Amino acid sequence: MIAALALVTAGCSASGAGTGATAPGVTSSAAPGASAAVGGSGAPSASSAPAGRAGIGARPSAAAARACTVFPADNVWHADVSRLPVHSRSAAMVGAIGAGANVHADFGSGQWEGAPIGIPVTVVPAGQRKVPVTFGYADESDPGPYPIPADAKVEGGPSGTGDRHVIVWDRAACRAYELFDAHRSGSGWRAGSGAVFDLRSNRMRRAGWTSADAAGLSVLAGLVRYDEVAAGRIDHAIRVTVPRTRTGWTWPASHSASSATDPALPQLGQRLRLKRSVDVSGLPRQARIVAEAMRTHGMIVADHGSAWYLSGAPDPRWDNDALHALDRLRGSDFEVVDAAGLMTNPRSAAVR
(Lines give C-alpha, C1' and ligand atoms only; values in the text may rest on other atoms or scores of the structure.)
Protein backbone atom coordinates (compact mmCIF):
# COMPACT_ATOMS: atom_id res chain seq x y z
CA MET A 1 0.00 0.00 0.00
CA ILE A 2 2.77 2.42 0.93
CA ALA A 3 4.60 1.63 -2.28
CA ALA A 4 1.44 2.41 -4.19
CA LEU A 5 0.97 5.62 -2.26
CA ALA A 6 4.46 6.69 -3.22
CA LEU A 7 3.40 6.75 -6.83
CA VAL A 8 0.51 9.05 -6.03
CA THR A 9 1.71 11.33 -3.25
CA ALA A 10 5.43 11.56 -3.81
CA GLY A 11 5.11 13.27 -7.16
CA CYS A 12 3.38 16.32 -5.71
CA SER A 13 5.27 19.39 -6.86
CA ALA A 14 5.04 22.71 -5.09
CA SER A 15 3.69 24.36 -8.18
CA GLY A 16 0.25 25.58 -9.02
CA ALA A 17 1.27 25.80 -12.63
CA GLY A 18 -0.94 22.99 -13.81
CA THR A 19 1.78 20.45 -14.54
CA GLY A 20 0.93 16.84 -13.84
CA ALA A 21 1.96 15.03 -10.69
CA THR A 22 5.15 13.08 -11.19
CA ALA A 23 6.46 9.77 -9.94
CA PRO A 24 9.09 9.63 -7.16
CA GLY A 25 12.43 11.08 -8.18
CA VAL A 26 11.05 12.87 -11.24
CA THR A 27 11.48 16.62 -11.10
CA SER A 28 8.69 18.81 -12.40
CA SER A 29 9.36 22.49 -12.89
CA ALA A 30 6.90 24.75 -11.12
CA ALA A 31 5.51 28.04 -12.29
CA PRO A 32 8.08 30.84 -12.38
CA GLY A 33 6.07 33.15 -10.14
CA ALA A 34 8.45 36.06 -10.53
CA SER A 35 7.55 36.39 -14.20
CA ALA A 36 3.81 36.67 -13.62
CA ALA A 37 2.24 40.08 -13.99
CA VAL A 38 1.93 41.98 -10.74
CA GLY A 39 -1.62 42.98 -9.89
CA GLY A 40 -3.22 40.26 -11.98
CA SER A 41 -6.45 38.48 -11.14
CA GLY A 42 -5.08 36.51 -8.20
CA ALA A 43 -6.89 35.78 -4.95
CA PRO A 44 -9.57 38.32 -4.10
CA SER A 45 -8.78 41.07 -1.64
CA ALA A 46 -10.37 41.17 1.80
CA SER A 47 -12.80 43.85 0.67
CA SER A 48 -14.10 41.93 -2.36
CA ALA A 49 -14.16 38.36 -1.06
CA PRO A 50 -17.61 37.03 -0.12
CA ALA A 51 -18.21 36.36 3.56
CA GLY A 52 -16.90 32.96 4.52
CA ARG A 53 -14.94 32.60 1.30
CA ALA A 54 -12.10 34.96 2.10
CA GLY A 55 -8.74 33.65 0.97
CA ILE A 56 -5.75 33.44 3.27
CA GLY A 57 -4.73 36.93 2.24
CA ALA A 58 -7.81 38.34 3.97
CA ARG A 59 -6.35 39.25 7.33
CA PRO A 60 -8.30 37.68 10.21
CA SER A 61 -9.51 39.72 13.16
CA ALA A 62 -7.32 39.75 16.26
CA ALA A 63 -9.91 37.63 18.05
CA ALA A 64 -9.90 35.04 15.29
CA ALA A 65 -6.11 34.90 15.23
CA ARG A 66 -6.01 34.35 19.00
CA ALA A 67 -8.69 31.70 18.78
CA CYS A 68 -6.94 29.60 16.17
CA THR A 69 -3.24 29.60 15.46
CA VAL A 70 -1.72 27.01 13.15
CA PHE A 71 -0.58 24.51 15.81
CA PRO A 72 0.53 25.33 19.38
CA ALA A 73 3.55 27.50 20.10
CA ASP A 74 5.57 24.44 21.18
CA ASN A 75 4.93 22.61 17.90
CA VAL A 76 7.94 21.60 15.81
CA TRP A 77 6.81 23.86 12.95
CA HIS A 78 7.40 26.87 15.25
CA ALA A 79 10.72 25.70 16.66
CA ASP A 80 13.75 27.99 16.52
CA VAL A 81 16.42 25.89 14.80
CA SER A 82 19.02 28.66 14.41
CA ARG A 83 21.36 27.09 16.98
CA LEU A 84 20.82 23.40 16.30
CA PRO A 85 23.88 21.37 15.28
CA VAL A 86 24.63 20.76 11.63
CA HIS A 87 23.77 17.26 10.47
CA SER A 88 26.79 15.02 9.88
CA ARG A 89 25.73 14.42 6.26
CA SER A 90 24.67 17.99 5.55
CA ALA A 91 27.10 18.65 2.70
CA ALA A 92 26.15 15.43 0.91
CA MET A 93 22.43 16.07 1.23
CA VAL A 94 22.70 19.68 0.05
CA GLY A 95 24.73 18.42 -2.89
CA ALA A 96 22.07 15.83 -3.71
CA ILE A 97 19.33 18.47 -3.63
CA GLY A 98 21.43 20.84 -5.74
CA ALA A 99 24.16 23.05 -4.26
CA GLY A 100 24.15 25.27 -7.34
CA ALA A 101 20.38 25.42 -7.80
CA ASN A 102 18.56 28.67 -7.04
CA VAL A 103 15.89 29.12 -4.41
CA HIS A 104 12.49 29.96 -5.84
CA ALA A 105 9.35 31.37 -4.23
CA ASP A 106 6.67 29.20 -5.81
CA PHE A 107 3.93 31.69 -4.99
CA GLY A 108 3.05 35.24 -5.88
CA SER A 109 0.46 37.61 -7.31
CA GLY A 110 -1.32 37.41 -10.61
CA GLN A 111 -1.66 34.21 -12.59
CA TRP A 112 0.46 31.68 -14.39
CA GLU A 113 -1.18 29.67 -17.16
CA GLY A 114 -4.57 30.85 -16.01
CA ALA A 115 -4.28 30.03 -12.30
CA PRO A 116 -3.13 31.91 -9.18
CA ILE A 117 0.49 31.19 -8.29
CA GLY A 118 0.83 29.03 -5.20
CA ILE A 119 -1.32 26.78 -3.04
CA PRO A 120 -4.56 28.59 -2.18
CA VAL A 121 -6.33 28.37 1.16
CA THR A 122 -10.10 28.63 1.57
CA VAL A 123 -11.25 29.99 4.94
CA VAL A 124 -14.75 28.80 5.84
CA PRO A 125 -17.18 30.19 8.42
CA ALA A 126 -18.44 28.44 11.51
CA GLY A 127 -21.03 25.82 10.66
CA GLN A 128 -19.87 25.29 7.08
CA ARG A 129 -21.87 22.32 5.78
CA LYS A 130 -19.88 19.11 5.55
CA VAL A 131 -20.00 17.07 2.36
CA PRO A 132 -18.90 13.54 1.49
CA VAL A 133 -15.35 12.94 0.27
CA THR A 134 -14.17 9.68 -1.29
CA PHE A 135 -10.49 8.74 -1.40
CA GLY A 136 -8.40 6.65 -3.73
CA TYR A 137 -6.27 5.73 -0.70
CA ALA A 138 -8.88 5.62 2.02
CA ASP A 139 -6.83 3.40 4.33
CA GLU A 140 -4.38 6.29 4.98
CA SER A 141 -6.89 9.14 4.76
CA ASP A 142 -9.08 10.65 7.47
CA PRO A 143 -12.69 9.83 6.56
CA GLY A 144 -15.20 12.51 5.63
CA PRO A 145 -17.41 14.37 5.59
CA TYR A 146 -15.32 17.55 5.23
CA PRO A 147 -16.58 21.17 5.35
CA ILE A 148 -15.46 21.92 1.81
CA PRO A 149 -17.65 24.34 -0.17
CA ALA A 150 -18.40 23.77 -3.83
CA ASP A 151 -16.36 26.85 -4.74
CA ALA A 152 -13.28 25.96 -2.68
CA LYS A 153 -10.07 27.12 -4.31
CA VAL A 154 -8.09 24.39 -6.08
CA GLU A 155 -4.34 24.56 -6.67
CA GLY A 156 -3.81 25.12 -10.38
CA GLY A 157 -7.37 26.34 -10.88
CA PRO A 158 -10.56 24.40 -11.63
CA SER A 159 -9.04 22.79 -14.72
CA GLY A 160 -5.55 22.29 -13.30
CA THR A 161 -3.84 18.96 -13.95
CA GLY A 162 -1.17 19.15 -11.24
CA ASP A 163 -1.38 18.31 -7.56
CA ARG A 164 -4.77 20.00 -7.13
CA HIS A 165 -4.43 20.58 -3.40
CA VAL A 166 -7.52 21.90 -1.64
CA ILE A 167 -6.76 23.43 1.76
CA VAL A 168 -9.69 24.47 3.94
CA TRP A 169 -9.15 26.34 7.21
CA ASP A 170 -12.08 26.21 9.63
CA ARG A 171 -10.99 28.79 12.19
CA ALA A 172 -14.06 28.37 14.37
CA ALA A 173 -13.33 24.66 14.86
CA CYS A 174 -9.57 25.31 14.55
CA ARG A 175 -9.05 22.53 12.05
CA ALA A 176 -7.43 22.23 8.66
CA TYR A 177 -8.95 19.93 6.05
CA GLU A 178 -6.46 19.10 3.31
CA LEU A 179 -6.92 17.15 0.06
CA PHE A 180 -4.51 15.98 -2.62
CA ASP A 181 -5.73 15.55 -6.21
CA ALA A 182 -9.15 16.97 -5.35
CA HIS A 183 -12.08 17.04 -7.79
CA ARG A 184 -15.75 17.88 -7.44
CA SER A 185 -17.93 14.77 -7.40
CA GLY A 186 -21.69 15.05 -7.18
CA SER A 187 -22.56 16.95 -4.02
CA GLY A 188 -19.08 16.38 -2.58
CA TRP A 189 -15.49 15.73 -3.58
CA ARG A 190 -13.14 12.90 -4.49
CA ALA A 191 -9.41 12.97 -3.82
CA GLY A 192 -6.32 10.82 -3.85
CA SER A 193 -5.72 11.32 -0.13
CA GLY A 194 -6.80 13.62 2.66
CA ALA A 195 -6.09 14.58 6.23
CA VAL A 196 -7.72 16.53 9.04
CA PHE A 197 -5.47 18.44 11.45
CA ASP A 198 -6.55 19.67 14.86
CA LEU A 199 -4.62 22.93 14.93
CA ARG A 200 -4.75 23.11 18.74
CA SER A 201 -3.00 19.74 19.06
CA ASN A 202 0.55 18.41 18.64
CA ARG A 203 -0.77 14.99 17.69
CA MET A 204 0.95 13.51 14.64
CA ARG A 205 -0.44 11.24 11.97
CA ARG A 206 -0.06 7.52 12.40
CA ALA A 207 3.38 6.17 11.43
CA GLY A 208 3.37 5.19 7.76
CA TRP A 209 0.39 7.39 6.89
CA THR A 210 0.47 10.03 4.22
CA SER A 211 -1.66 13.20 4.22
CA ALA A 212 -2.31 15.62 1.37
CA ASP A 213 1.49 15.86 1.32
CA ALA A 214 3.99 13.08 0.72
CA ALA A 215 5.58 13.54 4.16
CA GLY A 216 2.30 13.11 6.04
CA LEU A 217 2.50 16.72 7.25
CA SER A 218 0.07 19.63 7.09
CA VAL A 219 0.40 21.72 3.95
CA LEU A 220 -1.17 24.77 5.60
CA ALA A 221 1.46 24.79 8.36
CA GLY A 222 4.32 25.34 5.93
CA LEU A 223 2.84 27.92 3.56
CA VAL A 224 4.24 31.44 3.41
CA ARG A 225 1.22 33.70 3.85
CA TYR A 226 0.96 37.36 2.93
CA ASP A 227 -0.59 38.37 6.26
CA GLU A 228 2.51 37.05 8.07
CA VAL A 229 4.93 38.96 5.87
CA ALA A 230 2.82 42.10 6.11
CA ALA A 231 3.07 41.80 9.90
CA GLY A 232 6.87 41.54 9.58
CA ARG A 233 7.52 37.98 10.76
CA ILE A 234 6.98 34.36 9.78
CA ASP A 235 6.97 32.23 12.92
CA HIS A 236 7.21 28.78 11.37
CA ALA A 237 9.26 26.59 9.06
CA ILE A 238 8.53 26.75 5.34
CA ARG A 239 7.42 23.86 3.14
CA VAL A 240 10.09 23.03 0.55
CA THR A 241 10.35 20.47 -2.23
CA VAL A 242 13.41 18.54 -3.40
CA PRO A 243 13.92 16.35 -6.47
CA ARG A 244 14.57 13.07 -4.65
CA THR A 245 14.49 11.60 -1.16
CA ARG A 246 15.59 8.31 0.31
CA THR A 247 13.38 5.70 1.86
CA GLY A 248 12.05 6.24 5.37
CA TRP A 249 11.25 9.53 7.03
CA THR A 250 12.66 11.96 9.58
CA TRP A 251 10.54 13.25 12.46
CA PRO A 252 8.08 15.00 12.25
CA ALA A 253 7.20 13.32 8.95
CA SER A 254 5.20 10.10 9.06
CA HIS A 255 5.44 8.78 5.52
CA SER A 256 8.05 7.67 2.98
CA ALA A 257 7.65 8.15 -0.76
CA SER A 258 10.86 6.62 -2.09
CA SER A 259 12.65 3.31 -2.34
CA ALA A 260 16.09 4.91 -2.85
CA THR A 261 18.71 4.03 -0.24
CA ASP A 262 21.50 6.48 -1.12
CA PRO A 263 22.55 8.03 2.24
CA ALA A 264 23.37 11.29 0.47
CA LEU A 265 19.67 11.87 -0.21
CA PRO A 266 17.55 13.70 2.37
CA GLN A 267 14.44 12.11 3.83
CA LEU A 268 10.98 13.58 3.95
CA GLY A 269 10.79 15.61 7.16
CA GLN A 270 14.45 16.71 6.99
CA ARG A 271 15.04 20.21 8.44
CA LEU A 272 17.10 22.67 6.40
CA ARG A 273 18.39 26.09 7.45
CA LEU A 274 19.82 29.19 5.80
CA LYS A 275 23.40 29.63 7.00
CA ARG A 276 24.06 32.43 9.46
CA SER A 277 26.92 33.69 7.28
CA VAL A 278 24.60 34.57 4.37
CA ASP A 279 23.88 38.30 4.24
CA VAL A 280 20.20 38.94 3.51
CA SER A 281 20.14 42.63 4.45
CA GLY A 282 20.09 43.72 0.81
CA LEU A 283 16.97 41.74 -0.08
CA PRO A 284 13.66 43.57 -0.59
CA ARG A 285 11.42 43.52 2.49
CA GLN A 286 9.14 40.67 1.43
CA ALA A 287 12.07 38.47 0.40
CA ARG A 288 14.09 39.39 3.49
CA ILE A 289 11.30 38.31 5.85
CA VAL A 290 11.10 34.95 4.09
CA ALA A 291 14.89 34.58 4.29
CA GLU A 292 14.91 35.45 7.98
CA ALA A 293 12.33 32.72 8.59
CA MET A 294 14.54 30.23 6.75
CA ARG A 295 17.39 31.16 9.09
CA THR A 296 15.35 31.02 12.31
CA HIS A 297 12.78 28.30 11.66
CA GLY A 298 14.22 26.68 8.56
CA MET A 299 12.42 24.61 5.95
CA ILE A 300 10.95 21.13 6.13
CA VAL A 301 11.28 18.73 3.20
CA ALA A 302 7.64 17.90 2.51
CA ASP A 303 7.44 16.54 -1.02
CA HIS A 304 9.17 15.83 -4.31
CA GLY A 305 9.40 18.61 -6.88
CA SER A 306 11.84 21.22 -8.10
CA ALA A 307 14.87 21.84 -5.88
CA TRP A 308 14.55 24.59 -3.27
CA TYR A 309 11.01 25.57 -4.26
CA LEU A 310 9.30 27.33 -1.36
CA SER A 311 5.53 26.97 -0.97
CA GLY A 312 3.17 29.82 -0.25
CA ALA A 313 -0.38 31.02 -0.72
CA PRO A 314 -1.24 33.29 -3.66
CA ASP A 315 -2.24 36.87 -2.93
CA PRO A 316 -2.64 39.91 -5.22
CA ARG A 317 -0.52 41.96 -2.79
CA TRP A 318 2.68 39.98 -3.31
CA ASP A 319 5.42 41.89 -5.12
CA ASN A 320 6.69 39.32 -7.60
CA ASP A 321 9.87 41.28 -8.29
CA ALA A 322 10.68 41.29 -4.57
CA LEU A 323 10.00 37.55 -4.25
CA HIS A 324 12.16 36.94 -7.33
CA ALA A 325 15.11 38.33 -5.33
CA LEU A 326 15.13 35.08 -3.36
CA ASP A 327 16.59 33.53 -6.52
CA ARG A 328 19.91 35.09 -5.44
CA LEU A 329 20.14 32.35 -2.80
CA ARG A 330 21.59 29.00 -3.84
CA GLY A 331 21.57 25.56 -2.34
CA SER A 332 25.10 26.06 -1.04
CA ASP A 333 23.74 28.82 1.21
CA PHE A 334 21.86 26.17 3.24
CA GLU A 335 22.68 23.36 5.61
CA VAL A 336 20.83 20.38 7.03
CA VAL A 337 20.34 20.52 10.78
CA ASP A 338 20.01 17.69 13.26
CA ALA A 339 16.63 18.31 14.88
CA ALA A 340 16.49 15.08 16.88
CA GLY A 341 17.21 16.96 20.11
CA LEU A 342 13.92 18.83 19.81
CA MET A 343 11.82 15.68 20.01
CA THR A 344 9.98 14.89 23.24
CA ASN A 345 8.10 11.88 21.89
CA PRO A 346 8.26 10.28 18.43
CA ARG A 347 4.45 10.32 18.30
CA SER A 348 4.16 14.02 19.16
CA ALA A 349 5.12 17.19 17.31
CA ALA A 350 5.79 19.00 20.61
CA VAL A 351 9.37 20.18 21.15
CA ARG A 352 11.54 20.61 24.21
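User: Are Cys68 and Cys174 buried or exposed?

Analyst: This is a predicted model, in which local features need pLDDT of at least 70, side-chain atom pairs count only at pLDDT 80 or more, and totals for chains, interfaces and linings use all residues. Residues are numbered from 1 along each chain as its sequence is written, and side-chain values use heavy atoms, with hydrogens and water left out. Buried stands for under 20% relative accessible area and exposed for over 50%, with partly exposed in between (1.4 Å probe, protein chains only). By that rule Cys68 and Cys174 are both buried.

User: How far apart are the sulfur atoms of Cys68 and Cys174?

Analyst: A disulfide is a pair of cysteine sulfur atoms within 2.5 Å. The structure holds one disulfide. Cys68 and Cys174 form it, with their sulfur atoms at a separation of 2.3 Å.

User: Which parts of the chain does the pair Cys68 and Cys174 tie together?

Analyst: Helices (H or I, at least four residues) and strands (E, at least two) are DSSP runs, numbered from the N terminus. The link of Cys68 and Cys174 is right-handed, with 90 degrees about the S-S bond. The pair ties together parts 106 residues apart in sequence, because Cys68 lies in the loop between helix 2 (62-67) and helix 3 (90-97), and Cys174 in the loop between strand 6 (166-170) and strand 7 (175-180).

User: Which residues does Ala264 touch, leaving out those up to four places away in sequence?

Analyst: Ala264 sits in the loop between strand 11 (238-242) and strand 12 (271-274). Its C-alpha is 4.9 Å from that of Met93, although the two are 171 residues apart in sequence. With contact taken as heavy atoms within 4.5 Å, Ala264 touches Ala92, Met93 and Ala96.

User: What share of contacts between residues at least 6 apart in sequence joins residues at least 24 apart?

Analyst: The protein chain has six helices and 15 strands. Of its 352 residues, 59% count as buried. Among contacts in the protein chain between residues at least 6 apart in sequence, the share that joins residues at least 24 apart is 73%.

User: Which residues of helix 5 are buried?

Analyst: Helix 5 (residues 285-296) has twelve residues. After helix 5 comes Gly298, with a positive phi near 80 degrees. The buried residues of helix 5 are Gln286, Ala287, Ile289, Val290, Ala291, Ala293 and Met294.

Conventions
Expected span 1.5 Å × (residues − 1).
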